[in-house]
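The sequence and the structure are shown first.

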Amino acid sequence: MTATDQTDKASALIATLAGHCYTSADVFAREQSRILETMWFCAARSDELPNPGQFKKIQVGSESVLVVRGRDGQLRAFLNVCRHRGAQLCTENEGQVRRNLQCPYHAWTYALDGKLVAAPNIAALVDDTGAGIDRYEYGLLSVALTEWLGYAWVCLADEPPSFADDVMGDVTRRLGDPGAIDCYGIADLRVGHREIYNVAANWKLIVENFMECYHCATIHPELVEVLPEFARGLAALYYVGHGAEFGSEISGFTVDGSAGFDPLPGVTAEQDRRYYAITVKPTVFVNLVPDHIIFHRMYPLAPDRTIVECDWLYSQQVVADGRDVSRSVELFHRVNVQDFEACERTQPAMSSRAYRNGGVLVPAEHHIGEFHRWLTSRLCATKG
Ligand code: FES
Ligand SMILES: [Fe+2]
C-alpha cells in the first residue's frame, strides 16, 4: 500500500513510534552516534565570533566541540579534548583567548588552528632523545565545518555526508526551488533577538510538533489570526513550495498583525505576505517571512531534555537602527512557548503503559510517518 492509498482513507490512522523511543537511554545513545554525530549539526551563528580567539563550546551528540575563529579569520571546529591526558580544554560556554588555547591541567598550548605550540618540558624531551614531536599529530582533533545561511555547521563524521544533498537538499525539498531561500539573504542578516528555551521533552517530540499544524487551531490563537489557513490544521510543511498566506486584514508577521518592516530586498512578489516553515534534519527549523527569519537550533542533551536556541534575524539596518522588534519577536515567542508546553505535556506520557505501543497519526499528520521511517532506518542500520 502506498502512502497515498493510506491518506485517501479518511479514517486511516498510522502508528507513531513506541513510547520507549522517547525515554530510553539506549535509543538516545544510538541517536547520538548515528544521527547527531554523523549528520551536519548547526552549531553557532558565525557573526557571534567576529574576532580571532573567540570561541564557543557546544554539545554535539555526546561530544563537546569548540568552534574557534582563527588568526586568519577562518572558523574552525575541534573536539574539546586535550591530546595529553584528555582534560576538557574549555569549560566556559564561550570566551575569548588572546593567542592560544591552553589546557588548564598541564598547560599544553594549542594555536587557534589546532597545532600544538607549547608543552612544558617538551623542549628538554626533544633535546634528550633527539626526536621531535609532530605538532599537528598531537594537535587538537579537528571537526568538519561549513558555513551556510550565516551559521557554522559542524559534522563529526570522518567522512561527512554531502552538505548539498542533506542540508541544502532538505530546504529544496520543502521549497521546491534551490534558489528560493537565497532571496532572503540570511547570511547577511543580524540577530535582533535570541531566546533560549530549556525544554523537558525529547527532541523528536519537538520535531514532530513542528511538522504538523493539527494543533494550530487549539494552541496557537495568535498565529492562526495571522495565518488563517492554519486553522484548517494542514501544515505548510506538507505541500512542496507552499507558504501560508497572511490574512487579508494582517499587515505584518507580528503578535497583533500590525505592520512589520520592509520586506528583505530579495524577497519575491510570490514570497511576500507568506510564511514558509522548513525542517532541516536533524535539529534545525527555519521560518521565513518577508521581513525577518526565525531560526531554531536544538541541542538534544538527554532523552527528556532539549535546549532550543531561537534567533530572530533582521536586516542589518533594522538592527543597527535599534528598531523595535518586540511585536514580531512576541508572536513566535508565544508560538514557541505554546509548542514547548505541549511537548512537555506529552513527555511524561511516553513512559506510561498507555503509550507502550505508541499513539496514532491522523491523515493531516501522516508526513510525520516519513520522519519515523527515516529515524528507524538510521537507528537500525547495521553500520554506525
Ligand atoms: S591534560 Fe591537558 S595538558 Fe595535560
Ligand atoms: Fe506549533
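## Disulfide and remaining cysteines

C213 and C216 form a disulfide, with 2.0 Å between their sulfur atoms; a disulfide is here a pair of cysteine sulfur atoms within 2.5 Å. By this rule the count comes to one disulfide. The link of C213 and C216 is left-handed, with -115° about the S-S bond. Both partners are buried, a word that stands for under 20% relative accessible area, whereas exposed stands for over 50% and partly exposed for values in between (1.4 Å probe, protein chains only). The relative accessible area is 3% for C213 and 3% for C216.

C90 takes part in no disulfide, and the nearest cysteine sulfur, that of C103, is 9.3 Å away. C90 is buried, with a relative accessible area of 6%. C343 is likewise in no disulfide; its nearest cysteine sulfur belongs to C216 and is 12 Å away. For C343 the relative accessible area is 3%, and the residue is buried.

## Basis of the values

The model is predicted, and local features need pLDDT of at least 70, side-chain atom pairs count only at pLDDT 80 or more, and totals for chains, interfaces and linings use all residues. Residues are numbered from 1 along each chain as its sequence is written, chains are lettered from A and ligands numbered from 1 in the order in which they are written, and side-chain values use heavy atoms, with hydrogens and water left out.

H215 and H220 are both buried.

Strands of a sheet pair through backbone hydrogen bonds, either parallel or antiparallel. An open sheet of three strands has the order β7-β8-β9, and its pairing is antiparallel. Its edge strands, each pairing on one side only, are β7 (100-102) and β9 (116-118). From one strand to the next the twist averages 40°; axes are lines fitted to C-alpha atoms, for helices over the stretch in contact, and angles run from 0 to 180 degrees between N-to-C directions.

Strand β8 (residues 109-111) pairs with β9 in the antiparallel sense over two bridges. Two strands pair if DSSP finds at least two bridges between them. Helices (H or I, at least four residues) and strands (E, at least two) are DSSP runs, numbered from the N terminus. L116 in β9 is the bridge partner of Y110.

## Strand β14 and its neighbours

Six of the seven residues of β14 are buried, so this strand is largely enclosed by the rest of the structure. β13 and β14 run antiparallel and are joined by two bridges, with A244 opposite Y275 in β14. The pairing of β14 with β15 is also antiparallel and extends over five bridges. V280 stands opposite V284 in β15, and a hairpin of three residues joins β14 to β15.

## Backbone exceptions

Most residues other than glycine have a negative phi, and most peptide bonds are trans. The peptide bond from K281 to P282 is cis, with omega near 5°. P282 lies in the loop between β14 (274-280) and β15 (284-289).

Positive phi values occur at two residues discussed here, L149 and R273. L149, which is not a glycine, has a phi of about 60° and is located in the loop between β10 (142-148) and β11 (151-155). L149 is buried, with a relative accessible area of 8%. R273 has a phi near 60° and is placed in the loop between β13 (244-245) and β14. R273 is partly exposed, its relative accessible area being 29%.
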